[in-house]
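Hi,

Here is the structure I said I would pass on.

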Amino acid sequence: MMETQKMKLTVANPTGLGLFGLAMVTFVAASQKLGITTGLSYVIVYAIFLGATAQLVASILDFIHENVWGGTVFGAYAFFWYAIAVCWLMKMGVFGPELAAAADTRQLGFAFLGYLIFSVFMTIGAMEVSKMIFIIMVMIDILLAGLALNALNIAPHASHAVAAWAELITALLSFYACSAAVLNTFFGKPFLPMGKPFGIFK
């Protein structure tokens, strides 16, 4: 009878890559929402490659790390950006005028609302990751709430402004958290503080 052996694949912490993807896509998208830039053509590129693909790679590697929270969050947000990129392409008529004309933005509102529900639960989990990640998740919650209200045409001007500023703050915080995740690991010490977990649930 042959013996079976288990092999464990060792990979580096992918958190820095995932956070960089989040930082870049929200930074570029926020510039459009705030009216600093116009159009979605180049935003789509960063949505697909940074918001979606970079976070998907981080998700897969986190699952290999047996980090269910990180793997789920990065994966869920990766597919969020893939979906948003396709929605923007539909809106721009890439898939034909019929599909563009049939689009109901209220459905996006329900999609944002669904992601908000998911994000709120993941924010609870973030309390046991670090204070910086928790703050980023809170800003993502605010962003998703603003996007949902705007897509459902509820206080559209105010909700658009809330989403725009929440997205920019998310980007800036994610740049810091990305740098901390990489440099703290690389230097082997807390070079950039992330804040200890709250220690409420664990």
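Predicted model: local features only at pLDDT ≥ 70, side-chain atom pairs only at ≥ 80, totals over all residues.

Around it you'll find Leu-22, Thr-26, Gln-55, Tyr-77, Phe-80, Trp-81, Ile-140, Leu-143, Leu-144, Leu-147 and Glu-167. Sorted by class, that lining has eight nonpolar, two polar and one charged residues. Three helices supply at least two lining residues each: helix 1 (15-33), helix 3 (68-91) and helix 6 (131-151). Helix 6 has the largest share, with four residues.

The largest pocket holds about 730 Å³ of space. It is lined by 25 residues, and Trp-88, Lys-91, Thr-105, Leu-108 and Phe-112 are the closest to its centre. Two or more lining residues come from each of helix 1, helix 3, helix 5, helix 6 and helix 7 (156-187). Which helix gives the largest share of this lining? That would be helix 3, with seven residues. By class, the lining of the largest pocket divides into 16 nonpolar, five polar and four charged residues.

The second largest pocket has about 560 Å³ of space. Its lining counts 29 residues, and those nearest the centre are Thr-15, Val-129, Ser-130, Ile-133 and Met-194. Here the elements with at least two residues each in the lining are helix 1, helix 2 (41-64), helix 3, helix 6 and helix 7. Helix 3 gives the most to this pocket, with five residues. The classes in this lining are 17 nonpolar, nine polar and three charged.

Last, the outside. There's a nonpolar patch on the surface, made up of Phe-110, Leu-113, Ile-117, Phe-121, Ile-124, Phe-198, Ile-200 and Phe-201. Together these residues have about 830 Å² of accessible area. Is Leu-113 buried, partly exposed or exposed? Leu-113 counts as partly exposed because its relative accessibility is 35%, and that class lies between under 20% for buried and over 50% for exposed.

Cheers

Technical notes. Residues numbered from 1 in each chain as written. Heavy atoms only, no water. Patch = residues over 30% accessible without salt bridge, like charges linked within 9 Å, V, L, I, M, F, W, Y side chains within 5 Å. Areas by Shrake-Rupley, 256 points an atom, 1.4 Å probe, with all protein chains shown as cover. Salt bridge = Lys/Arg side-chain N within 4 Å of Asp/Glu carboxyl O. Buried < 20%, exposed > 50% of the residue type's maximum accessible area, 1.4 Å probe, protein only. 1 Å grid on protein atoms, 1.4 Å probe; cavity = no way out; pocket = protein on both sides within 12 Å on 5 of 7 lines; lining within 4 Å. Nonpolar A, V, L, I, M, F, W, Y, C, P; charged D, E, K, R; others polar. Points joined across faces, edges and corners; volume = space filled by probe spheres on them.
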